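Please look over the sequence and the structure shown below before reading on.

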Amino acid sequence: MPSAPWAPAVLLPGTGSDEVFVRSVFAGPLTGAGMTLIAPPPPADGTALVEGYLAAFTAAAAETGGKLLVGGVSLGAHLAAEWAVANPERCSGLLLALPAWNGVPDGAPASVAARYSADLVERDGLTAALAVATDGVAPWLAAELRRAWPRHGAALAAGLRAAGAHPAPTLDALAQLRIPVGIAACTDDPVHPATVAHAWAAALPQACVRETTLTALGEDRESLGRAAVTAWRSASDLYSRPGPPPR
């Protein structure tokens with residue numbers, strides 16, 4: 001598969017995460033596929049988290065002067081799809097990991113968790129909020145939260161709240177995207193249900209899903225990125241063949 005038309009890839013993190021995690025997940029798999037990773041850091045203003053991330057896509061498109069492969073993890077996946085819907089002429093494909101809902105959050109687990117965490121940070125402070133957020137979770141995830149949350153500083157609570165309230169694209173909106181889409185889902189993740197990933201794939205005309213697990217992610221960060229890249233390459237191969245798409 002030629003790599004040049006698909007480079008670079010601009011990928012965003014999930015709620016409370018950052019570009020360090022994105023690089024750990026995607027840098028290796030993208031390099032292996034002949035693509036370059038751009039991983040913007042979180043915006044400094046948590047109240048403008050969504051706007052800042054969407055602007056990062058637009059800025060990258062203007063700088064490169066061509067179409068982008070865009071994507072991200074959780075919130076980052078939502079925003080990448082949102083940007084693609086609004087900018088179809090600038091987007092060549094999507095790499096999506098762990099989408100958490102479609103349309104309005106409506107009590108989705110990831111939305112509830114983000115808003116609850118924002119309340120904890122505002123009421124009790126970062127240290128106490130981290131103690132609650134990391135209690136009983138896998139060691140790798142606890143370490144990741146302890147590393148990433150302090151980087152957001154005073155913007156953390158506002159960013160968590162903005163992310164938890166922001167609508168994802170509706171399934172009808174996703175159905176308008178005529179580009180190859182790779183989606184990675186973790187079958188043991190109750191916060192980002194695999195059923196959501198499969199619902200997105202069913203709505204998207206040119207999508208494939210690959211499943212992995214949080215257990216695998218804890219042992220190898222690139223397992224999630226490989227799943228997304230493999231799914232995207234499968235979608236690209238399927239829909240580059242002559243004749244009508246398979247569905």
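## A partly exposed arginine and its partners

In this predicted model, R147 has a relative accessibility of 28%, so R147 counts as partly exposed. Its side chain meets that of D18 in a salt bridge, with 2.7 Å from N to O. This pair links distant parts of the chain, since D18 lies in the loop between β1 (9-12) and α1 (19-32), while R147 belongs to helix α6 (residues 139-152), 129 residues apart.

In general, an α-helix has 3.6 residues a turn, so residues three or four places apart point the same way. E144 has a relative accessibility of 13%, and therefore counts as buried.

## A network of charged side chains

Which residue pairs with R151? The side chain of E19 does, in a salt bridge of 3.2 Å from N to O. This pair, too, links distant parts of the chain, with E19 in helix α1 and R151 in helix α6, 132 residues apart. E19 is buried, with a relative accessible area of 8%, whereas R151 is partly exposed, with a relative accessible area of 45%.

As a general point, side chains of opposite charge can pair when their charged atoms come close. In this model the count of salt bridges comes to ten. Through salt bridges that share partners, D18, E19, E144, R147 and R151 are joined into one network.

## Helix α2 and its buried face

Helix α2 (residues 49-64) has 16 residues, and the distance from its first C-alpha to its last is 23 Å, which is close to the 22 Å expected at 1.5 Å a residue. The buried residues of α2 are L49, V50, Y53, L54, A56, F57, A60 and A61. Why can these residues be said to line one face of the helix? Seen down the axis of α2, the buried residues fall within an arc of 140 degrees, so they line one face.

The cover over these buried residues includes β1, β3 (68-73), α3 and α7 (156-165). On the other side of α2, by contrast, A62 and E63 are exposed. After the helix comes G65, whose phi is positive, near 75 degrees.

## Helix α9 and what it packs against

In helix α9 (residues 194-203), the residues A194, V196, A197, W200, A201 and A203 are buried. Which elements do the buried residues of α9 pack against? They pack against helices α3 (75-86) and α8 (171-174), and also against strands β4 (91-97), β5 (181-186) and β6 (207-212).

## Empty space inside

Rolling a probe the size of a water molecule over the atoms shows where empty space is left. In this model the count comes to one cavity of 30 Å³ or more, and about 30 Å³ of space lies in the largest cavity.

Its lining is made up of G16, L49, H152, A155, L156, G159 and L160. The largest share of that lining, three residues, comes from α7.

How values were computed
Residues numbered from 1 in each chain as written. Predicted model: local features only at pLDDT ≥ 70, side-chain atom pairs only at ≥ 80, totals over all residues. Heavy atoms only, no water. Salt bridge = Lys/Arg side-chain N within 4 Å of Asp/Glu carboxyl O. Helix = DSSP H or I, 4+ residues; strand = E, 2+ residues; numbered from the N terminus. Buried < 20%, exposed > 50% of the residue type's maximum accessible area, 1.4 Å probe, protein only. Contact = heavy atoms within 4.5 Å. Expected span 1.5 Å × (residues − 1). Arc of directions from axis to C-beta. 1 Å grid on protein atoms, 1.4 Å probe; cavity = no way out; pocket = protein on both sides within 12 Å on 5 of 7 lines; lining within 4 Å. Points joined across faces, edges and corners; volume = space filled by probe spheres on them.
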